[in-house]
Amino acid sequence: AAGSSGSHLAWCLVEYATVGVHVYAGPGDIVSPAFSDCVVRHHSEHGFQVEGYARACDAALAQPTIAGCTVEHNGGCGIYGYGHGDPDNDCSTFTGGGVGGTVSGSEIRQNQASGVCLRAQPERLDHGDVWTKIEANVISGNAGHGVHLNGDDPVRPRIEINLIYGNAGAGLQTDAKHEETDLYVVNNTVFGSGGDGMVFNRSALQVRLTNNIVFDNDGCGLVCNGAEDPQAAHNDLWLNDGGDYNGCTPGISDISADPLLLDPAAGNFRLSFGSPCIDAGTSTGAPATDFEGIVRPQGDGVDIGAHELWYQRIFLPVTLRE
């Protein structure tokens, strides 16, 4: 069903259709539906399909809020966002087909394409623009990439504090344009990908890549094939089978050390005491909380990765003797 600005779907089960949930903004529309604690599964194509389609010089914006949902076992992408223009107009100014909104606190797993697919495409004088926020999700076990960005117009989501692991392709792969827009990839943990950890296949000059753990992936940790490297700082790349860097220059204060995660094979990516990632991140551009909502920083600095090490200090009363 197409979303409308006032709709809110909660605690629902959506299964066995072509597309599970279709959020569509046509020319001149702004739609902002909300979905919370839903299960969207077993569809022949995408779980969620979100489109902003500009036409006849009218912009469009689809900006759903997807929170606490499980999106699994779909034949396409778990979540597919597409901002696109209209090939049949003659506008004197640019108009945009936009996809925004937020995907947070959700499990996006075991889909037959990538977990999250975001694409923006221009058509003549219209253009696409995608800026969805991908925050604090578990993106795992998908047959494609964990997150895949594509298209010739801006794709500039903020990707932060996600656990991205066990996907058949790369943890994150971008084939999209970033020359003129900011893309933030901050405080994620990327583990056990069947391909590379993170791949930037076009100029990534405007990419801010900070505070990420990229660990034990079957390919390389970080791959750069564009004209410019991402602006990387304070990442930990470790034990990636193809090497930690391929075509990339190590970022400022990047480290290569065992992050000492508690039990990544069992899906526990918390830091253990003694981890070199503790207090080793940068506060610049870092999220205010971690994957579990714990305030950052807990120590002398922000921790690298999706989790912030947290412990309670217990103060015992002292009895003074006269």
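The sulfur of Cys 69 lies 4.6 Å from the closest cysteine sulfur, which belongs to Cys 38, and this is too far for a bond, because a disulfide is counted here when two cysteine sulfur atoms are within 2.5 Å. In this predicted model, Cys 69 is also buried, with a relative accessible area of 1%. Cys 277 likewise takes part in no disulfide, the nearest cysteine sulfur, that of Cys 248, being 19 Å away. The relative accessibility of Cys 277 is 0%, so this residue counts as buried.

A search of the whole structure finds 3 disulfides, and their geometry is set out below.

| Pair | S-S distance | Torsion about the S-S bond | Hand |
|---|---|---|---|
| Cys 12 and Cys 38 | 2.3 Å | 110° | right-handed |
| Cys 77 and Cys 117 | 2.0 Å | -90° | left-handed |
| Cys 224 and Cys 248 | 2.1 Å | about 110° | right-handed |

Cys 38, the residue whose sulfur is closest to that of Cys 69, is itself bonded to Cys 12, with the sulfur atoms 2.3 Å apart. This pair links distant parts of the chain, 26 residues apart, with Cys 12 in the loop between β1 (8-10) and β2 (13-15) and Cys 38 in the loop between β5 (34-36) and β6 (39-41). Both Cys 12 and Cys 38 are buried.

The disulfide of Cys 77 and Cys 117 has its sulfur atoms 2.0 Å apart. Here the linked parts of the chain are 40 residues apart, Cys 77 being in the loop between β10 (70-72) and β11 (79-84), and Cys 117 in strand β15 (residues 116-121). Cys 77 counts as buried at 6% relative accessibility, and Cys 117 counts as buried at 9%.

In the link of Cys 224 and Cys 248, the torsion about the S-S bond is about 110°, so the disulfide is right-handed. Cys 224 lies in strand β28 (residues 222-224) and Cys 248 in the loop between β31 (245-246) and β32 (261-263), so that the bond ties together parts 24 residues apart in sequence. Cys 224 is buried, with a relative accessible area of 7%, and Cys 248 counts as buried at 12% relative accessibility.

Asp 236 is placed in strand β30 (residues 236-238). Although Asp 236 is buried, it has no salt bridge, and the nearest side chain of opposite charge, Arg 296, is 13 Å away.

Conventions:
Residues numbered from 1 in each chain as written. Predicted model: local features only at pLDDT ≥ 70, side-chain atom pairs only at ≥ 80, totals over all residues. Heavy atoms only, no water. Helix = DSSP H or I, 4+ residues; strand = E, 2+ residues; numbered from the N terminus. Buried < 20%, exposed > 50% of the residue type's maximum accessible area, 1.4 Å probe, protein only. Lys, Arg positive; Asp, Glu negative; His and termini not counted. Salt bridge = Lys/Arg side-chain N within 4 Å of Asp/Glu carboxyl O.
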